[in-house]
Amino acid sequence: VRILRAHASAIGYLPHFTIFDDDDSLSLIKEVMKEQGVNPKQFPPGMILHTISGLKSELVTPEQYEEDMGLSDIFPRTVHGVYVQYQKELLRSNGMDFDDIIMHAVSLFESHPKILEAHQDRFRYLNVDEYQDVNAAQYRLINLLAKKYRNIAVVGDDAQAIYAFRGA
């Protein structure tokens with residue numbers, strides 16, 4: 001979060017952005033669905049939010065989702081429409097959800113090599129605990145930070161992996 005606040009303008013945010021908790025995110029999803037006329041009985045807001053969260057944990061943007069899934073079926077079309085508007089509303093309100101924190105950090109580093117290099121120099125040695133629970137987005141962030149010096153240690157136990165449902 002400190003990295004994102006320090007470089008917020010590079011990703012279109014103000015440094016004092018708000019972090020939406022799960023309740024805030026669900027409320028915003030409900031608003032977006034209502035605006036788009038999505039029936040919450042057909043597509044429960046929690047399910048849509050969970051789907052979007054899963055996409056973010058794989059670093060899948062709305063554009064990539066459209067490209068990968070196509071929009072001919074109703075579920076991908078609905079998810080895509082809500083995801084696009086949800087992200088616009090988060091940005092408009094200068095807010096991020098929890099999944100955005102990692103997603104935006106990866107995006108920041110990949111689109112601004114000098115910022116990445118400064119943080120690689122700052123974090124020359126990395127230690128990742130509970131490595132068995134790292135998802136794709138976290139893995140990419142760790143790799144970006146460790147790439148320059150390759151000083152990384154990870155600790156994990158696959159017998160204790162408990163976050164497979166979150167993409168670990």
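This is a predicted model: local features need pLDDT of at least 70, side-chain atom pairs count only at pLDDT 80 or more; totals for chains, interfaces and linings use all residues.

Visitor: Which residues make the contact between H6 and H7?
Guide: From H6 come Leu108, Phe109 and Ser111. From H7 come Pro113, Ile115, Leu116 and His119. Five of the residues are nonpolar, two are polar and none is charged.

Visitor: Why is Lys56 called buried?
Guide: Buried means under 20% relative accessible area. Lys56 has 1%, so Lys56 is buried. Its place is in helix H3 (residues 45-57).

Visitor: What does Lys56 touch, leaving aside its neighbours within four places in sequence?
Guide: Its contacts include Tyr83, Tyr86, Gln87 and Leu90. Asp97, Asp99 and Asp100 are also among them.

Visitor: What makes the pair of Lys56 and Gln87 a polar contact?
Guide: A polar contact needs N or O atoms within 3.5 Å, one able to donate a hydrogen and the other to accept it. The side chains of Lys56 and Gln87 make one at 2.6 Å. That value lies within the cut-off, so the name applies.

Visitor: How do you know that the span of helix H5 is close to the expected one?
Guide: H5 (residues 74-92) has 19 residues. The expected span, at 1.5 Å a residue, is 27 Å. From first C-alpha to last, H5 reaches 27 Å.

Visitor: Which residues of H5 are buried, and what do they pack against?
Guide: Among the buried ones are Pro76, His80, Tyr83, Tyr86, Gln87 and Leu90. The buried residues of H5 pack against strands S1 (18-20) and S2 (95-97). They also pack against helices H2 (22-36), H3, H4 (62-69) and H6.

Visitor: What comes after H5?
Guide: Asn94 follows H5, and its phi is positive, near 55°.

Visitor: Why does Pro62 count as buried?
Guide: The cut-off for buried is under 20%. Pro62 has a relative accessible area of 9%, so Pro62 is buried too. Its place is in H4. Leaving aside neighbours within four places in sequence, Pro62 is in contact with His80, Tyr83 and Val84.

Visitor: How far apart are Pro62 and Gly46?
Guide: They are 16 residues apart in sequence. In space, C-alpha to C-alpha, they are 18 Å apart.

Terms used:
Residues are numbered from 1 along each chain as its sequence is written. Side-chain values use heavy atoms; hydrogens and water are left out. Contact means heavy atoms within 4.5 Å. Helices (H or I, at least four residues) and strands (E, at least two) are DSSP runs, numbered from the N terminus. Ala, Val, Leu, Ile, Met, Phe, Trp, Tyr, Cys and Pro count as nonpolar, Asp, Glu, Lys and Arg as charged, and the others, Gly among them, as polar. Buried means under 20% relative accessible area, exposed over 50%, partly exposed in between (1.4 Å probe, protein chains only). The expected span of a helix is 1.5 Å times one less than its number of residues.
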